[in-house]
Amino acid sequence: MACERPRELGPEFDVTVFDPSPWFEWLPNIHEPVSRAKRPADLRLPRKRLVAAAGHRFVREAVTVIDARRGTLATAGGTVHAFDFCIVAAGGVNATSGVRGVERHAMPFRSAEQCDAIGRRLAVLMKGASRDRSSSRVAALPASRRSGEILRRYRRRANLTLHIVEAGPALMPAASPKIEAAVRRHVRACDVRIHTGSAVAAISPTGVSLRGGGRLRSDLTIWTGGGVAPPLLHASRLAPKPLQWAPVDATLRSRRYHNVFVIGDAAALPVAVPKQAFHALEMGECAAANVRRAAAGRALRRYRPSRTPLLLAFGDLDTFLVAGRSVVASPALAAGKEAVFQVTMAQIDPPANVQALGQLASRVIGVTRRLASSR
Ligand SMILES: Cc1cc2nc3c(=O)[nH]c(=O)nc-3n(C[C@H](O)[C@H](O)[C@H](O)COP(=O)(O)OP(=O)(O)OC[C@H]3O[C@@H](n4cnc5c(N)ncnc54)[C@H](O)[C@@H]3O)c2cc1C
């Protein structure tokens with residue numbers, strides 16, 4: 001299900017892709033609708049067409065449980081499908097970390113649609129604040145790197161106060177100190193208030209309560225509290241406990257069931273691999289190759305993660321190229337990030353004819369114009 005590489009298994013395989021979402025979205029860029037630099041349509045591809053182009057079938061439904069012993073899976077629509085092999089790429093779900101009010105009062109940040117909704121709400125708030133000569137207060141929890149997209153559009157406006165709240169001592173726990181220092185330097189000129197070492201206790205319609213006792217007033221609260229394993233993994237006995245990722249061996253085969261491969265964020269490998277988009281794509285290729293090998297009774301291939309450098313953007317203020325421990329920072333690298341995005345989308349959805357090539361070209365030109373005008 002949800003395999004981003006349906007082409008890896010040829011027409012000799014009868015493949016069905018299950019996903020409740022009609023869109024394939026490239027998550028590393030989904031924050032861009034927050035600043036209106038991109039629209040959701042710029043960031044997604046229709047899954048049905050992608051899967052059909054590979055000669056396979058798409059079923060727009062969530063899988064509720066996989067019964068690997070029987071070789072069946074059940075969908076939310078109540079249908080049961082038989083399989084010889086199942087590749088699970090169910091990703092993660094928003095971690096609420098037990099914080100009260102997250103689901104009711106904070107806006108989530110996990111899809112292009114959700115980021116677009118944040119962008120629209122921000123635009124309404126900022127318009128109202130200009131009219132009333134008041135100020136808009138936004139709390140981003142914990143969304144330090146993502147808040148760069150808010151600053152791309154609104155940093156020159158005097159009526160925005162942005163609170164960034166992070167439970168740990170660093171603004172970006174997983175990032176290098178060089179990135180942390182650069183981000184802190186960039187936000188100095190704006191009304192950005194950083195609250196590190198401040199765990200969130202509860203979120204209400206009007207603000208955020210901190211565990212240490214403080215309270216922040218907020219007109220818009222954004223929650224990006226990381227990901228945890230989806231319920232499907234434990235319900236299908238692929239993970240030993242709820243919220244745990246599914247253990248796999250070095251070939252991406254489930255530790256429990258020989259007919260199930262788990263890839264992407266959902267997989268817990270023997271040696272941890274960062275939960276990043278390129279690793280998910282590579283794992284899709286490896287799992288497809290291993291299904292072919294398993295079907296032919298051949299030995300399985302080990303998954304070897306490549307050392308692809310990471311490009312991390314902080315709005316239009318800075319972009320960081322991270323290769324191991326080395327970090328290069330420059331706003332000019334944004335063009336590189338955009339190129340990676342466009343090339344990846346074109347690889348996943350290669351233009352099949354001149355018309356499709358024209359659509360790709362107009363998407364690139366439209367996006368380039370909007371990015372240039374959002375500066
Ligand atoms: C906000 C955000 C920003 C990120 N930024 C970066 C970045 O800059 N660089 C980077 O390398 N990585 C980034 N990542 C991480 C990267 O996007 C993930 O590692 C990658 O998307 C994992 O791919 P996946 O296929 O495992 O899961 P996902 O891309 O999450 O896809 C999972 C799919 O499974 C479907 N699904 C879920 N449950 C079911 C079910 N029960 N039945 C059927 N289908 C189901 C979902 O609808 C979804 O389509 C980011 C992630 C997020 C959330």
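Predicted model: local features only at pLDDT ≥ 70, side-chain atom pairs only at ≥ 80, totals over all residues.

Modeller: Residues are numbered from 1 along each chain as its sequence is written.

Biologist: What radius of gyration does the protein chain have, against that of a compact globule?

Modeller: The radius is taken over C-alpha atoms, and the globule rule is 2.2 Å times the number of residues to the power 0.38. For 375 residues the rule gives a value near 21 Å, with which the protein chain agrees, at 22 Å.

Biologist: How far apart do the C-alpha centres of domain 1 and domain 2 lie?

Modeller: Domain bounds come from an automatic or database domain assignment. That assignment gives domain 1 as 6-20 + 61-92 + 229-298 and domain 2 as 102-223. Their C-alpha centres are separated by 35 Å.

Biologist: Which strands stand at the edges of the open sheet of 3 strands?

Modeller: Strands are DSSP runs of E with at least two residues, helices are runs of H or I with at least four, and both are numbered from the N terminus. Two strands pair if DSSP finds at least two bridges between them, and the order here is β5-β6-β7 with antiparallel pairing. Each edge strand has a single partner, so one side of each is left without a neighbour in the sheet; these strands are β5 (63-67) and β7 (80-82).

Biologist: Which residue in β7 stands opposite Thr72?

Modeller: Strand β6 covers residues 72-75 and is joined to the antiparallel β7 by 3 bridges. The residue in β7 opposite Thr72 is Ala82.

Biologist: Which helix contributes the largest share of the shell around the ligand?

Modeller: The ligand is surrounded by 28 residues (C-beta atom, placed from the backbone, within 6 Å), and the closest are Leu27, Pro28, Gly91, Gly264 and Gln276. The largest share, 3 residues, comes from residues 277-295, helix α8.

Biologist: Is Phe278 buried, exposed or partly exposed?

Modeller: Phe278 is found in helix α8. A residue is buried if 20 or more other C-beta atoms, placed from the backbone, lie within 10 Å of its own, exposed if 12 or fewer do, and partly exposed in between. Phe278 has 16 other C-beta atoms within 10 Å, and is therefore partly exposed.
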